[in-house]
Amino acid sequence: MSYIKETIDELKRTSPAQTEFYQAVEDVLESIEPLLEERPLYRKQRIIERLVEPERQIMFRVPWMDDNGDIQVNKGYRIEFNSALGPYKGGLRFHPSVNAGIIKFLGFEQIFKNALTGLAIGGGKGGANFDPKGKSDAEIMRFCQSFMSELYRHIGANTDVPAGDIGVGGREIGFLFGQYKKLANRFDGVLTGKSLLFGGSQVRKEATGYGAVYFAKYMLEGKSESLEGKTCLVSGSGNVTIYAMEKLYELGAKPVACSDSSGTLYHAKGIDLDLVKDLKEHRHERLKAYLDTHSDAEYTARDDYPSDGHTIWRYKADLAFPCATQNELTEKDAEALLSNGCIGVIEGANMPSTQAAVDLFIAEKLAYGPGKAANAGGVATSQIEMAQNAGMEHWPFEKVDARLQEIMHSIYTNAKTTAEEFGEPDNLVLGANIAGFRRVADAMIQQGVV
Ligand SMILES: NC(=O)C1=CN([C@@H]2O[C@H](COP(=O)(O)OP(=O)(O)OC[C@H]3O[C@@H](n4cnc5c(N)ncnc54)[C@H](O)[C@@H]3O)[C@@H](O)[C@H]2O)C=CC1
Ligand SMILES: O=C(O)CCC(=O)C(=O)O
């Protein structure tokens, strides 16, 4: 039996029912096989066995009272996965689908993503199976306060620094920070993605979307192509999607489709970004309401999606940016993109393409930027926020944006040159996984068996 299969079988036995986690582990293990052959020390040191086991997993009860006075109970998680390179760093996700397996897959991805940034940050992730949809601000506040009432004792500016992810934006980070400050009696950089009024960094809100588009720019330049005039499908309509679309417009491309969990919107003239921002950032409405302003746009409800995939990837466009959630781009979607002449897929979300879709992109030598490389701009800018907090500084927008561009360029170059080193110059999955793994593994070896 191969080493990879043995490892996955052992994970299935010891950590049952964590499908997304196995998928994330398999993706990394398959890529690093040539490195393991070249450097037997990694197996001797049992780096893989140590890496797949989180350093610490915290699971807790989150009781809170809704507006009717009824008591609700959710499950909270913080998985402190690996601290070889720095304090645990990674977002919090509030979504009804959250469970230990989802948080573990996200935490595992985060280890290698954070390593790729070249910064001193380890990997962690957390969240709750709480559904913010339809909740009042007061309910969100009470939930965040209860969540932090347990979490505060596990985190710290030099220990573990959470941020946002799906369902956790500026409003939630504000409530979480307020409760942390009250309980810990400390005002420090324990969370990132904070408001600019109390320690937040310029560009953090925009960073993941902007970063993914910078990555696309560098990857296309590597193929003597550019973003200018390209039509783009950008799934989702949250933080990552909105700022990816903003940067695409700035760099001369045209986003023509986006989506939410209820359906897909297509507008051949180009998505009206101001309207989407208003609908999603202020009015908290479904995308369908876009049709009230633009009757020439098309909307497909989720119930009418093809049974083997998602409507958004069936439209013709030059580039695809999956920016919503995991496994939102299937093999059939990948086939549709390729047959419609799509030349690049750049992942703003974490693990949005199924393994079969990824295999197809690699076999077809598509310009493919895997999430752990392409969406690392968010966490990289979080580290810039931590550095500003520690130094009691506040950098201007231009300075943070320039640093973000440098980091995205270096991530692309590192993934590309590592892919070349291992004889597969077009395979940035292999390049990103090996480059990220090597940095973490070498640090673990130097720190001994801990
Ligand atoms: N916020 C950040 O800085 C970072 C986020 N990510 C990843 O980017 C993705 C999006 O995160 P955010 O934009 O922060 O979250 P968000 O909560 O702001 O937006 C999520 C969006 O995805 C949509 N969505 C959720 N499930 C969907 C589905 N099944 N089909 C279509 N749309 C769906 C929601 O309607 C919403 O528009 C996630 O995979 C997250 O892990 C990755 C790196 C950093
Ligand atoms: O900014 C951060 O700390 C984390 C962002 C995040 O959750 C991610 O990169 O998936």
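Biologist: What separates the centres of domain 1 and domain 2?

Modeller: In this predicted model, 26 Å lie between the two centres, taken over C-alpha atoms.

Biologist: Which residues make up each domain?

Modeller: The domain assignment gives 3-187 as domain 1 and 205-365 as domain 2.

Biologist: How do you know which residues of domain 1 and domain 2 are in contact, and how many are there?

Modeller: The test is C-beta atoms, placed from the backbone, within 7 Å. Nine residues of domain 1 and six residues of domain 2 are in contact.

Biologist: Which helices supply at least two residues each to the side of domain 1 that touches domain 2?

Modeller: α2 (19-38) and α5 (100-116) do. The largest share comes from α2, with four residues.

Biologist: How do the residues of that side divide into nonpolar, polar and charged?

Modeller: Four are nonpolar, two polar and three charged.

Biologist: What makes a residue part of the shell around ligand 1, and how many residues surround the ligand?

Modeller: The C-beta atom, placed from the backbone, must lie within 6 Å of the ligand. 24 residues surround ligand 1. The closest are G236, G238, D260, A349 and G378.

Biologist: How many residues of the shell are polar?

Modeller: 16 are polar, with Gly counted among the polar residues. Five are nonpolar and three charged.

Biologist: Why is ligand 1 said to lie between domain 1 and domain 2?

Modeller: Both domain 1 (3-187) and domain 2 (205-365) give residues to the shell around ligand 1, so the ligand lies between them.

Terms used. Residues numbered from 1 in each chain as written. Chains lettered and ligands numbered in written order. Predicted model: local features only at pLDDT ≥ 70, side-chain atom pairs only at ≥ 80, totals over all residues. Domains from an automatic or database assignment. Contact = placed C-beta atoms within 7 Å.
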